[in-house]
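Dear colleague,

Please find the structure below, followed by a short account of what was found in it.

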Amino acid sequence: MSEKSLQSAQQLRQPRGAIRINGTVVQGWTELEVNNNIFYHADTFRIQFALSMLPVEHDQSWWSKQRSVSVEVFVGFPADPERYSVDDLDSLIYGNVDEIDIDPVGGVMELHGRDLTSLLIDTKATEDFRNRRSYEIATIIAERHGLTPIVTKTKAISGSLYQIDHARLRHQQSEWDLLTKEAQKEQYVVYVKGRE
């Protein structure tokens, strides 16, 4: 291998990452793992921080006071691997932290969480959605959780016909289960990407 091709190979192999927590880029992470699942499941993440490298404004005390924590993971191959920002990287996952594990002896903290599909998985469907089409149900549920709906208009009315009303009966299912069943019935797929 020539020196030039070796140099080119080294430049191509310099991935970089950044973690944004509650809208602020936070330094001090040492490991990150993102699992992109097939449709119908939430993508997950695990991020490890060195406690000694956490910025003062995000120390252990700060973490203990948070009611909810949003995380966005960015990765990529910036043109200048020494000077880059999140604008030079691709957003890999956006979601909420489900669990924070702090190991003071090992000097590490781990965040475990899921993408925003988790909002729909964790919420029981409580509405009948009378005389609604599948895309209308998807739009209502997405907007309820602050998500931007990107939906294809469907034609069939959801549920079963009772006299003159169509009703979608609830069976103690999550909003996510309701949406995936509606998508399957219409021969579509449903998923959450970022905030959409």
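**Findings**

D87 is located in the loop that links strand 5 (70-76) and strand 6 (90-103); helices (H or I, at least four residues) and strands (E, at least two) are DSSP runs, numbered from the N terminus. The model is predicted, so local features need pLDDT of at least 70 and side-chain atom pairs count only at pLDDT 80 or more, while totals for chains, interfaces and linings use all residues. Residues are numbered from 1 along each chain as its sequence is written, and side-chain values use heavy atoms, with hydrogens and water left out.

D87 counts as exposed because its relative accessibility is 70% (buried means under 20% relative accessible area, exposed over 50%, partly exposed in between; 1.4 Å probe, protein chains only). Its C-alpha atom is separated by 9.0 Å from that of F74, 13 residues apart along the chain.

Y191 is placed in the segment after helix 5 (175-185). With 49% relative accessibility, Y191 counts as partly exposed. Together with F39 and V189, Y191 forms a nonpolar surface patch with about 300 Å² of accessible area.

The protein has five helices and nine strands, in the sequence order α-β-β-β-β-α-β-β-β-α-α-β-β-α. Of its 196 residues, 37% count as buried.

With kind regards

Key: Patch = residues over 30% accessible without salt bridge, like charges linked within 9 Å, V, L, I, M, F, W, Y side chains within 5 Å. Areas by Shrake-Rupley, 256 points an atom, 1.4 Å probe, with all protein chains shown as cover. Salt bridge = Lys/Arg side-chain N within 4 Å of Asp/Glu carboxyl O.
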